[in-house]
Amino acid sequence: MRYAMAVDTRKCVGCSDCVVACQTENDVPIGFCRDWVVEVMDGTYPQLEIEIRSERCNHCVNAPCVRCCPTGASHIVDGGIVLVEPGECIGCGACMASCPYDARYPHPSGYVDKCTFCFHRIKNGMSPACVEVCPTKCLYFGDLDDMNSDVSVVLKKRKSKTLIPEAGTDPQLYFLI
Amino acid sequence: MTSRRDFIKISAIGAGVLVVGTGAYKVVKALSSPEQVKKLVVGLKRTPTYCEVCFWKCAGWVYKTSEGKIWKIVGNENDQHCNGRFCPRGTGGVGMYYDEDRLKTPLIRVEERGKQVFREASWDEALEVIAVKMKNIASKSGPESMALFSHGSGSSYFTTLMKSYGSANIAEPSYAQCRGPRDEAFMATFGEEAYSPEITDIRDTRCLVLIGSHIGENMHNGQVQEMSDAIDKGATIITVDPRFSTAAGKSKFWLPIKPATDMALLLAWIHEIIFKDYYDKKYVEKYCSGFEQLKAHVKDFTPEWAYGITTIKPDLIMKTAKEMADASPAVIVHPGRHVTWYGDDTQRIRAVAILNALLGSWGRRGGFYRPAKFELSSYGSPSFKTPSKTWEDAFPGKYTIASSPVSNVLIDASIPENNPGLLIRGWIVNGTNLITTIPDQANTLKAIQNLELLVAVDTMPMEITGWADVVLPECTYLERYDGLRVSPHRKPAIALRMPAAEPLNNTKPGYWIARELSKKLALENYFPFEKQEELLDWQLKKAGSSLEEMQRIGVKTFERDADDLYFSENEQVEFPTDSGKIELYSSYFEGAGYDPLPKYVAHEEPAEGFYRLIYGRAPMHTFSRTSNNPNLTDLMDENTVWINPVVAKEWGIKSDQYIWLRNQDNVISDFPVKVRVTERIRWDSVYIVHGFGHAQKQMKRCFGKGVSDTQLITNVLVDPLMGGTGMRSNFVTFVIEKTGEEVAS
């Protein structure tokens with residue numbers, strides 16, 4: 001089993017609903033976020049192009065945050081999801097420094113927090129909160145080992161890219177272009 | 001600790017990267033431990049609601065923790081408005097409940113109006129003060145000299161109160177400050193309005209034309225969802241906007257039009273569609289009247305003519321006209337929503353309506369569908385008295401096609417020196433912050449100072465409450481029942497809102513407030529049900545449901561009476577216009593003394609060193625309603641002024657610098673605004689998001705954040721047909737540093 005997410009940049013309008021839904025679902029304190037929206041614009045008026053994308057932890061196969069964690073708090077569970085065990089985290093911030101995607105933040109309670117693909121929901125057969133709320137349905141989630149999962153189907157049909165592939169982390173967040 | 005996300009933002013500026021959403025590592029408060037998070041998932045209770053953050057009114061579920069704390073709001077899967085998906089504002093609606101700056105108890109003014117000195121009062125005392133004043137006004141000047149300004153679900157109760165009291169002066173700024181011109185233009189053409197939610201069949205369209213409409217930044221949920229569906233299906237989007245909007249970024253054709261010239265483009269499209277024989281001949285012949293007059297009228301409005309006005313090249317005008325024709329009838333020239341721009345707005349939207357008629361999109365799949373609405377039974381309350389005068393008597397002969405009361409007319413009629421035929425002496429203002437809603441703030445404040453009574457009913461200490469004599473704190477939509485939602489859609493449906501929590505502090509639901517006030521005015525026979533849920537249960541039982549059932553399901557959708565979502569082949573349609581046809585040539589306008597066909601009129605242009613002020617929306621905010629919401633300010637807590645790089649270079653202005661804006665009438669913004677230098681805006685305009693720059697200190701999170709467009713809109717172009725306030729003819733320049741004198745003023 002290999003969980004992954006695809007983000008359709010052609011449909012995303014950058015509304016940040018994924019951010020609020022994640023914050024309320026996971027009780028992320030105000031002032032912090034586990035996911036965010038990036039807008040990249042190119043060109044000169046009126047020859048312009050824009051790409052809008054919802055970003056979060058890439059749940060890398062070769063996760064530097066897990067390798068550098070001195071206590072083992074950062075770990076990978078079944079399905080390739082990268083998690084942090086708050087009880088084991090000493091808040092040293094090594095993982096934050098090693099993450100090429102800046103996907104982690106220091107929770108005020110003293111541990112480092114990040115996207116879990118809503119592990120508590122997917123365990124119960126639900127989608128992550130951001131996927132479920134997105135008004136443009138631009139987020140696709142599922143198991144890459146399942147040919148019929150939403151994410152497998154859309155990745156087969158559409159061209160995609162990953163962010164900073166040169167970091168060699170084998171990220172599992174795909175952007176449909 | 002250095003934020004790497006900040007680092008990304010800085011290092012990528014060259015490539016035009018902007019990180020939206022949170023990211024500032026500001027420590028606010030330590031919330032829950034992970035154990036608490038786990039606890040949230042078990043023992044859930046949910047109650048149905050429909051959202052009050054905007055007028056789209058999506059139905060959803062409010063989830064609470066096992067301790068009974070409001071946790072999250074998610075969409076109801078059976079609701080046509082949202083299809084189970086709330087927008088960011090609806091998702092962040094929890095912040096309305098938790099906002100610690102909410103109004104908490106009734107307040108009575110103790111010093112002069114506007115000084116904002118109040119004392120706390122009991123509900124009984126506050127309502128008594130209002131009732132005494134209202135009785136006094138009624139006996140002295142007649143009840144018709146009271147007015148109600150209202151927005152949202154509370155409207156209906158205060159409307160009942162005002163009508164029973166004897167006044168028909170009930171205005172919603174959503175008419176004359178927003179969609180009024182559109183509704184009148186569509187009524188004149190098709191005999192029907194464009195409705196809310198709009199009856200645009202975007203999910204099945206092949207071509208969507210947006211004129212200044214920024215779907216995706218205006219987060220009108222169902223519409224955004226359907227635009228996304230249309231993108232999936234390969235539909236063409238054509239966007240006309242001086243700004244490279246989000247929608248423009250998803251468009252096959254972006255027409256970066258010179259602002260204020262849309263009418264010329266529309267007329268050229270009509271010309272092209274008629275003279276290239278692109279129009280739906282069968283449809284026009286069968287359903288429309290006035291084609292020959294229209295054809296003669298647009299003879300000279302060629303794409304070449306429009307090029308000189310709009311700066312849009314003729315071949316692009318021709319190509320986009322062809323694109324629309326190829327998609328016909330599955331094409332939508334979107335009617336827009338906030339269309340009060342240049343004072344000729346009803347006529348401009350008439351051109352939009354005419355285009356749709358020529359393309360045969362009205363009543364067709366992928367164009368405009370026929371809405372269906374569930375009709376609720378009404379209980380037999382006594383009929384209302386007919387007022388001896390209404391708002392229409394204030395300035396006779398003006399705005400004669402306005403089908404709803406015009407808010408700005410009621411304001412003008414509150415100023416004695418305007419010699420109104422009906423002088424307004426008292427206002428009740430519910431759920432609308434008139435100070436930031438109505439342009440020309442000085443005029444609104446002048447009116448306020450002439451009033452004998454100003455009551456503000458709101459959940460938040462908005463600017464208007466600071467001017468009130470009595471402030472009544474309403475509870476939020478998460479703490480009350482409201483009327484059943486029966487908005488028209490593809491299928492008739494009912495949605496229930498019920499309280500998820502008890503009202504916080506000493507706040508009360510609108511229904512209770514209106515009914516208690518009615519008791520003091522001896523009008524309670526107009527409110528026969530003591531509790532609103534009794535009325536809802538009565539209505540629901542008549543509808544074959546019950547309050548108990550709706551509390552379980554939230555939304556009930558019914559089948560249409562007939563399979564008539566679209567016109568059927570060869571259907572004889574009787575349109576509710578004078579002629580029974582779609583009126584390309586409006587005999588109604590002609591009879592009322594207005595142009596029966598839309599004409600292009602040149603509008604004022606910015607002087608040297610000034611830029612047209614264009615405003616719009618951000619997806620995470622609904623006007624000033626959300627500007628203090630903790631969850632939503634976390635996503636966006638100030639607006640920025642968008643400036644083209646060429647202009648910024650001329651002025652030596654850089655991104656992230658704070659500047660003030662000064663308009664053509666020398667009004668300087670109260671607060672500085674952050675600059676966003678971006679290619680996304682034309683060099684002759686600047687852009688800001690509406691709803692910021694609040695001057696009300698009680699709203700701690702949004703006070704002084706960003707700039708208020710309303711403050712800078714002092715040149716108002718009033719639509720002569722229906723009184724709409726055109727607000728896009730204001731020009732601003734930049735003030736890099738405020739001088740002492742400017743600060744003092």
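In chain A, take the contacts between residues at least 6 apart in sequence: 54% of them join residues at least 24 apart. Two residues are in contact if their C-beta atoms, placed from the backbone, lie within 7 Å. This is a predicted model, in which local features need pLDDT of at least 70, side-chain atom pairs count only at pLDDT 80 or more, and totals for chains, interfaces and linings use all residues. Residues are numbered from 1 along each chain as its sequence is written, while chains are lettered from A and ligands numbered from 1 in the order in which they are written.

Stay with chain A. Its secondary structure comprises six helices and 10 strands. Helices (H or I, at least four residues) and strands (E, at least two) are DSSP runs, numbered from the N terminus. The radius of gyration of chain A is 16 Å, close to the 16 Å that the globule rule gives for 177 residues, so chain A is as compact as a globular protein of that length. That radius is taken over C-alpha atoms, and the rule is 2.2 Å times the number of residues to the power 0.38. The C-alpha trace of chain A spans about 50 × 40 × 35 Å along its principal axes.

Now turn to chain B. Its domain assignment gives domain 1 (177-369 + 579-591) and domain 2 (611-744). Such bounds come from an automatic or database domain assignment. The centres of these two domains of chain B, taken over C-alpha atoms, are 29 Å apart. In chain B, 22 residues of domain 1 are in contact with 23 residues of domain 2. On the side of domain 1 of chain B that touches domain 2 of chain B, helix H7 (173-190) and helix H14 (345-358) of chain B each supply at least two residues. H7(B) gives the most to that side, with four residues.
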